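Visitor: Please take a close look at the aromatic rings in this chain. How do they pair?

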Amino acid sequence: MMDKDQLIAKFLTQSLSKEEQLRFDTLLLEDPSFKAEVKLLQDLNKVAEAEDDVMAREMVAGFEAEHHGKKMASIAKIWWVAASLALVFSITYFATRQGAPDTQILYTENFEPYRNVVHPITRTTQQKDLKTQAFAHYEKGEYKEALELFEKLYETTNTPHFLFYKANALLQLNRPREAIVALHAHLKTKDTLTQKSHWYLAMAYLKLDDVVNAKKSLERVVAQNKYNVKKANVLLKTLD
């Protein structure tokens with residue numbers, strides 16, 4: 001029959017069979033020392049899930065207070081706990097201090113679609129032309145409908161700002177690769193909004209986890225020293 005330590009080990013790795021789970025549950029109910037040992041090792045596992053050093057220290061302090069005075073079953077277990085804690089803190093340190101920045105979080109924190117400055121929609125707006133419909137959808141957050149109309153408008157008028165708003169709609173629809181194509185096309189024009197395109201290119205590259213090109217686009221934002229330059233500087237420091 002499997003000993004108690006093996007049962008606990010399999011419990012912690014979620015690999016108990018039905019029979020083993022039944023014996024484990026029985027011991028948990030009937031054997032106080034077994035229950036205490038399970039609790040002890042669960043506490044150690046919680047340390048491993050701590051998100052930063054402060055949380056880990058608080059949890060270890062709580063563990064020490066709760067289990068003060070309790071004797072481990074053997075010297076081997078003491079060394080096992082010590083080794084586990086050392087490994088936990090090493091993993092936590094390198095994951096939190098030296099890990100690469102999460103580009104998806106950076107994207108979420110920094111991206112927002114550019115406001116409609118081309119064709120503001122008011123309550124008194126009566127026109128029902130494609131341009132009005134497109135920006136009405138855009139302002140309502142109906143990006144799929146807006147995208148279709150921006151594409152039609154660019155095809156028929158060749159007006160650059162429709163490319164820019166098309167790219168914003170694509171980003172909102174989680175289509176960053178297509179947004180990049182539209183933004184590069186927009187940068188080849190002489191539109192007044194082109195100074196904003198480098199920022200949105202950086203956002204698209206962040207969405208794709210392409211840090212190299214995101215940084216290149218942010219550096220161009222800084223070089224222009226106009227739109228979102230402060231945010232670009234902060235992002236560059238974060239990505240370094």
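Guide: What follows is a walk through the aromatic pairs. The model is predicted: local features need pLDDT of at least 70, side-chain atom pairs count only at pLDDT 80 or more, and totals for chains, interfaces and linings use all residues. Residues are numbered from 1 along each chain as its sequence is written, and side-chain values use heavy atoms, with hydrogens and water left out.

The chain has 13 helices and 0 strands. Helices here are DSSP runs of H or I, at least four residues; strands are runs of E, at least two. Rings of Phe, Tyr and Trp (its six-membered ring) pair if their centres lie within 6.5 Å; planes under 30 degrees apart count as stacked, over 60 as edge-to-face and the rest as tilted. That rule gives 18 aromatic pairs.

Take F11 and F24. Their ring centres lie 4.4 Å apart and their planes meet at 20°, so the pair is stacked. F11 sits in helix α1 (residues 4-12) and F24 in helix α2 (residues 18-30), 13 residues apart. F11 is partly exposed, at 23% relative accessibility. F24 is buried, at 1%. Buried means under 20% relative accessible area, exposed over 50%, partly exposed in between (1.4 Å probe, protein chains only).

Now F111 and Y200. This pair is edge-to-face, 6.0 Å centre to centre with 90° between the planes. F111 lies in the loop between α6 (103-110) and α7 (130-139); Y200 lies in helix α11 (residues 194-207), 89 residues apart. Both F111 and Y200 are buried. They belong to one aromatic cluster, whose members include Y107, Y114, F135 and Y227.
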